[in-house]
Amino acid sequence: MSRIALDLGFIQIYWYSIFIFLGVFFGGWIVLRECKKQNVNEDFIINLMFYTIIFGLIGARLYYVGFNFEYYQKYPLEILEVWNGGLAIHGGIIAGLIFVALYCKKYNAKLLKVLDIIVVGLILGQAIGRWGNFFNQEVYGAVIPLERLQSLGIPSQIIDGMFIQGAYRHPVFLYESIWCAAGFIALLMIRNYKYLKTGQLSGVYLVWYSVGRLFIEGTRDKVYSLWIGPLRMAQLVSIVLIIIGVLLILFCKKGTRFDNLYKDAEKEEINF
């Protein structure tokens, strides 16, 4: 299986890059559709997404490099080779959140409202982007018997692609992609709840994604986990994000049934 989708001689286009682009494109499309429903100023959200994507990608790369600093200290030029993989989603979420918070503060926009609009597109982008790991044959799981993979109903093309280093591996990318796709559907349904409070959708996203990542991370090959001592960093971060998500859901529930509703903004145009 080739990692290269298109070889033009002077430039090579990798499948990894294509799926990252597709994730950004369709995730952004979902965000823009919701902005129209919520009467959010289009220029505000387009500029926000543009810079958030840039800072998110930088954050995802720096997070990964930071936990593999000993290697990249020897080969610093490889830091720029993002087409070879090495984007840590938690780093991207943290960097993106910091930028969104600063951007909203600058334009006096409601942070939780903006985050609620973003998270549905974000989790869809994660579901799509994970397929880049498949073509790069990275972020695979521990060894698993072929019969076990076949019993899970996984397509033969994916099973063949999971034969790595002389053994079949857990298709971790597939587990996370399916979990995020299911989360996308769940968030779409929750977003239509009449009495959904602003901020609760962001809380549900944090809980949903982090619960999945907490368990899926345990199936990863040790070489593809970032470690802090004997502990997997992604699992520690997931636990923290689950706690934050639960607190956000409960905190935003305060007030009467009609206070701080997510869909209140549909009644009037919001110009940030």
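Start by selecting R130 and E176: their side chains meet in a salt bridge, N to O at 3.1 Å (a salt bridge being a side-chain nitrogen of Lys or Arg within 4 Å of a carboxyl oxygen of Asp or Glu). This pair ties together distant parts of the chain, 46 residues apart: R130 sits in the loop between α5 (111-129) and α6 (131-136), while E176 belongs to helix α9 (residues 172-191). The helix labels come from DSSP runs, numbered from the N terminus (H or I, at least four residues, for helices; E, at least two, for strands). Both R130 and E176 are buried, where buried means under 20% relative accessible area, exposed means over 50% and partly exposed is in between, using a 1.4 Å probe and protein chains only.

A quick note before you click on: this is a predicted model, in which local features need pLDDT of at least 70, side-chain atom pairs count only at pLDDT 80 or more, and totals for chains, interfaces and linings use all residues. Residues are numbered from 1 along each chain as its sequence is written, and side-chain values use heavy atoms, with hydrogens and water left out.

**Stop 1: along α9**

Which residues of α9 are buried? They are V172, F173, L174, E176, S177, C180, G183, F184, A186, L187 and R191. To see what covers them, show α1 (15-37), α5, α6, α8 (156-161) and α10 (200-216), which are among the covering parts.

**Stop 2: α5 and its two neighbors**

The crossing is left-handed: the near helix is turned anticlockwise from the far one by less than a right angle, whereas clockwise would be right-handed. Zoom in on V119, V120, I123, L124, Q126 and A127 of α5, which meet S177, C180, A181, G183, F184, L187, L188 and R191 of α9; contact here means heavy atoms within 4.5 Å.

On the α1 side, pick F19, I20, L22, G23, F26, G27, I30, V31, E34 and C35; on the α5 side, pick I117, I118, V120, G121, L124, G125, I128 and G129.

**Stop 3**

Select K197, in the loop between α9 and α10. K197 is buried, with a relative accessible area of 4%. Leaving out residues up to four places away in sequence, K197 touches D116, C252, K253, K254, G255, T256, R257, D259, N260, L261 and Y262.

**Stop 4: α10**

Move on to α10. Here 17 residues should span 24 Å at 1.5 Å a residue, which agrees with the 24 Å between the end C-alpha atoms. α10 is mostly covered, with 12 of its 17 residues buried. The buried residues of α10 pack against α4 (89-106), α5, α9 and α11 (233-251). One of the buried residues is G212, which has a relative accessible area of 7%.

**Last stop: a charged trio**

Side chains of opposite charge can pair when their charged atoms come close. Click on E217, and then look for its partners. E217 forms a salt bridge with R213, where the closest N and O atoms are 2.9 Å apart, and a salt bridge with R220, where they are 3.2 Å apart. Salt bridges that share partners join R213, E217 and R220 into one network. How buried is each one? E217 counts as buried at 1% relative accessibility, R213 at 7% and R220 at 7%. A search of the whole structure finds four salt bridges.

Key: The expected span of a helix is 1.5 Å times one less than its number of residues.
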